[in-house]
Amino acid sequence: MKPMLDELKTILKGEVLTDKSVLNKYSHDASIYELAPSAVLSPMDSKDIENLVSFINAHRHIYPSLSITPRGAGTDMSGGAISDSLLINMADHFTKIHSASSNLLHTQAGASIRDINPLLASYSAMLGCAPTSHAFCTIGGVVANNSAGEQSLRYGNADKSIREVSVVLADGKEHTFGPINKRELQVKMAQKNFEGALYRRIYSAVEENYDLIKNARPKTNKNSMGYNLWTVWDRDTGIFDMSQLFTGSQGTLGVITDIKIAAVPKAKHSGLLLIYLTSLKQLSNIIPIVTSHAPATFEGLDDITFNLGIKYFKTLKKQLGVKEWTKQQIWLLSTVAKFKSHLPNMLLMVEFDSNTPKETYDKIVGLQEDLAKYHFSVQTEIEGNEAASAPFWNIRRAALSFLRNQSHGKYAAPFIDDMTVLPKYTAEFLQKVRKIIRKYKLPATIQGHFGDGNFHIIPLLDVNQAKERAKLEPAMRELVPIILKYGGTMAGEHNDGMVRGPWLPAVFGNEMYELFKYVKETFDPQYIFNPNKKTDASWDFSMSHIRTSHR
Ligand SMILES: Cc1cc2nc3c(=O)[nH]c(=O)nc-3n(C[C@H](O)[C@H](O)[C@H](O)COP(=O)(O)OP(=O)(O)OC[C@H]3O[C@@H](n4cnc5c(N)ncnc54)[C@H](O)[C@@H]3O)c2cc1C
């Protein structure tokens with residue numbers, strides 16, 4: 001390996017790092033897995049990545065397991081951003097934001113959402129698919145995972161926002177993909193090169209299997225499993241769009257270098273109606289009423305998560321600054337005091353927005369009155385503006401970090417962390433999930449994007465213990481049919497990676513799984529991009545790379 005890595009250093013303008021401390025740092029993402037890379041590369045530009053792919057193609061006969069895995073901020077929860085070969089760090093030099101406007105962002109893939117957000121805000125705009133992890137992650141990771149977040153109730157996952165992607169593919173060249181019409185498609189398919197073959201093969205697959213593909217998409221608003229074949233070809237409009245395939249591809253088809261993505265309007269004012277439930281059963285009555293009011297966002301968390309938020313709110317002092325933190329802490333405690341230490345079972349956060357404080361307030365009151373009209377025995381409370389809402393949003397957004405603080409030798413173990421079902425079945429679904437959680441003794445909290453039926457259920461486990469590890473497979477096996485019964489998917493936004501890749505046939509059936517493999521092999525016939533993930537994942541490989549270190 002060393003001579004090969006030395007040669008690589010002469011080819012790339014960017015860094016090729018092999019120090020043990022660097023390899024150790026990059027051997028984890030936010031998943032339950034670990035893989036130590038042989039080197040971490042920081043390409044300077046697309047030419048560097050093109051040269052790297054050509055280099056791999058030329059050296060594969062000597063080093064058959066040589067591969068590349070792109071990485072943004074490494075916050076992936078499925079094991080998508082780790083590699084036992086070459087890891088490409090896009091967050092170092094691919095950070096240029098080319099342009100922004102009120103409706104479009106054009107940026108390199110490694111730009112962080114933390115930098116993008118204020119820029120778009122200056123145009124009264126935002127990303128419709130920014131995840132809750134927006135303080136850390138990159139736009140390339142958002143697109144490659146087909147991420148979604150609070151705003152996705154209105155704006156969906158990244159696939160709804162993507163407009164164009166540039167990608168370095170297995171032929172060692174950068175290509176640009178976006179929507180094209182039938183005439184342009186004919187021209188592309190007539191090309192006698194790698195790109196022409198891609199268009200021919202993908203077009204024939206989506207045309208010949210049109211109904212199978214459309215029917216296989218989970219019925220939920222959100223999905224980030226599989227390859228995004230459902231929206232590549234629309235017979236009615238005659239639009240063919242291969243950029244769709246890269247949303248959710250997790251670096252398994254190529255390295256995304258450049259992105260054009262829609263920006264959506266950011267309202268001037270927002271506020272929350274907090275709804276406190278005493279029982280999960282109340283969700284079946286409440287969800288349809290809440291959604292009929294078309295809120296901007298609709299999130300929720302259980303009492304354990306809310307309690308952890310109160311307990312660990314102190315950890316946000318540095319992030320918020322002492323003055324802001326003190327204000328929010330007082331506000332939060334005054335809310336909690338109303339419950340006299342008996343917090344309700346579940347807290348729902350329903351957000352409304354508009355361009356005037358009055359309109360926002362009226363919308364919140366509209367829902368509150370509607371709930372009262374139906375005599376639901378729920379307590380509600382108005383946090384009518386951004387300042388009053390802030391502590392609740394901070395708890396919701398930091399919920400996973402709070403969970404991690406609670407370790408005592410157990411760690412947040414994301415494996416059933418992103419199940420998504422049709423929201424009307426939420427109450428039934430959560431009751432069934434709770435039974436399985438109890439059966440396998442998986443101490444887990446529930447939080448998530450309730451408006452989309454998307455739940456983050458993250459058990460606390462010590463997955464290094466064989467007894468604990470042995471729970472993962474049977475628990476997932478029992479959950480799949482329940483999710484399918486309620487029109488859902490195992491991943492609304494966290495994708496497949498190593499943890500859900502092996503479950504693709506169970507969720508989508510063998511015919512669709514073969515189509516997913518066909519996509520992988522069309523783009524990456526030699527499997528040089530991010531192996532052991534998605535269609536190439538195997539449960540045995542994943543289980544043999546369970547994370548051993550947690551700090
Ligand atoms: C606390 C916490 C909260 C989270 N909340 C959410 C949430 O609300 N919604 C949500 O969707 N996700 C969430 N996530 C998961 C994760 O943060 C998102 O999926 C995020 O978009 C990943 O971005 P990243 O830059 O960290 O990507 P990484 O983790 O670095 O990579 C993610 C995947 O994309 C691939 N990739 C990265 N860059 C490129 C590129 N340039 N070209 C090709 N492939 C690439 C990687 O190979 C990997 O498979 C959360 C994670 C944490 C830890």
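How do the residues of the shell around the ligand divide into nonpolar, polar and charged? They come out as 15 nonpolar, 17 polar and four charged. Here Ala, Val, Leu, Ile, Met, Phe, Trp, Tyr, Cys and Pro count as nonpolar, Asp, Glu, Lys and Arg as charged, and the others, Gly among them, as polar.

## Before you look around

This is a predicted model, where local features need pLDDT of at least 70, side-chain atom pairs count only at pLDDT 80 or more, and totals for chains, interfaces and linings use all residues. Residues are numbered from 1 along each chain as its sequence is written.

## Around the ligand

There are 36 residues around the ligand, and G72, G80, P131, G141 and G251 come nearest. To be near, a residue must have its C-beta atom, placed from the backbone, within 6 Å of the molecule.

Helix 5 (139–145) gives the most to this shell, with five residues. Strand 3 (68–71) and strand 13 (255–262) each supply at least two. Helices (H or I, at least four residues) and strands (E, at least two) are DSSP runs, numbered from the N terminus.

## Strand 13 and its partners

Strand 13 also has strands to pair with, and two strands pair if DSSP finds at least two bridges between them. Strand 6 (residues 104–108) pairs with strand 13 in the antiparallel sense over five bridges, and H106 has K260 as its bridge partner there.

Elsewhere, three strands make an open sheet in the order 10-12-11, with antiparallel pairing. Strand 10 (179–180) and strand 11 (233–234) are its edges, each pairing on one side only. Two bridges tie strand 11 to strand 12 (residues 239–241), and W233 finds its bridge partner in F240.

## Two packed helices

Helix 8 (residues 182–190) packs with helix 9 (residues 194–208) at an angle of about 120°, and their axes are 6 Å apart. Axes are lines fitted to C-alpha atoms, for helices over the stretch in contact, and angles run from 0 to 180 degrees between N-to-C directions. The two helices are therefore oblique to each other: angles under 35 degrees count as roughly parallel, over 145 as roughly antiparallel, 65 to 115 as roughly perpendicular and the rest as oblique.

On the helix 8 side, L185, K188, M189 and A190 meet E195, G196, Y199, R200 and Y203 of helix 9. Contact means C-beta atoms, placed from the backbone, within 7 Å. By class, this contact has five nonpolar, one polar and three charged residues.

Definitions and conventions. Two residues are in contact if their C-beta atoms, placed from the backbone, lie within 7 Å.
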